[in-house]
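Reader: I have just opened this one and would like to go through it slowly with you. Could we start with a single side chain?

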Amino acid sequence: MRIGELSERTNTSRRLLRYYEEQQLIVSARMPNGYREYDERFVDRVLQIRGLLDAGLPVRIIKQILPCLDKPRTIHFPDATPEMLATLRTERDRMTERINCLIRNRDSVAEYLDAVSQGQRPAPVREPVPSGA
């Protein structure tokens, strides 16, 4: 598929896709006319990249862990330093905190919607607990 289709299917701008390619997060084949051609698997790859970026991981870390996300998995980290592993553990723990906060907020919204749809007066909105608290 060409860059326009990948852009539409992933809701990602062409400019951002070119940036991902520049950062070696995705790779395209070049057609004789210079157009980029992407394999079908890059739809999922771009969505994974966006999710990791949304979770707060920097591109340099994403680039290192992308091979772990492939199936079948081929894991080879010749440059997996203790510092990098510590960074990944910290990022994992931070993501877990954000997930827990999102779950609490989702449950509060669901509770509110249930109360409103049943014609009840909703309970006072609880302040979300900040992550790390």
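Reader: Does Glu91 count as buried or exposed?

Author: Glu91 counts as buried, because its relative accessibility is 14% (buried is under 20%, exposed over 50% and partly exposed in between, with a 1.4 Å probe and protein chains only). This is a predicted model, in which local features need pLDDT of at least 70 and side-chain atom pairs 80 or more, while totals for chains, interfaces and linings use all residues. Residues are numbered from 1 along each chain as its sequence is written, and side-chain values use heavy atoms, without hydrogens or water.

Reader: OK, and which helix is Glu91 in, and what does it touch?

Author: Glu91 lies in helix α5, residues 82-117 (helices are DSSP runs of H or I, at least four residues, numbered from the N terminus). Setting aside residues up to four places away in sequence, Glu91 touches Gly56 and Leu57, where contact means heavy atoms within 4.5 Å.

Reader: Changing topic, at what angle do α3 and α4 pack?

Author: Helix α3 (residues 42-54) and helix α4 (residues 59-69) pack at about 135°, with axes 11 Å apart (axes are fitted to C-alpha atoms over the stretch in contact, and angles run from 0 to 180 degrees between N-to-C directions).

Reader: Which residues meet there?

Author: From α3, Arg45, Gln48, Ile49, Leu52 and Leu53 meet Val59, Ile62, Ile65, Leu66 and Leu69 of α4.

Reader: And Leu6, what is that in contact with?

Author: Leaving out neighbours within four places in sequence, Leu6 is in contact with Met1, Leu17, Tyr38, Phe42, Val43 and Val46.

Methods:
Helix = DSSP H or I, 4+ residues; strand = E, 2+ residues; numbered from the N terminus.
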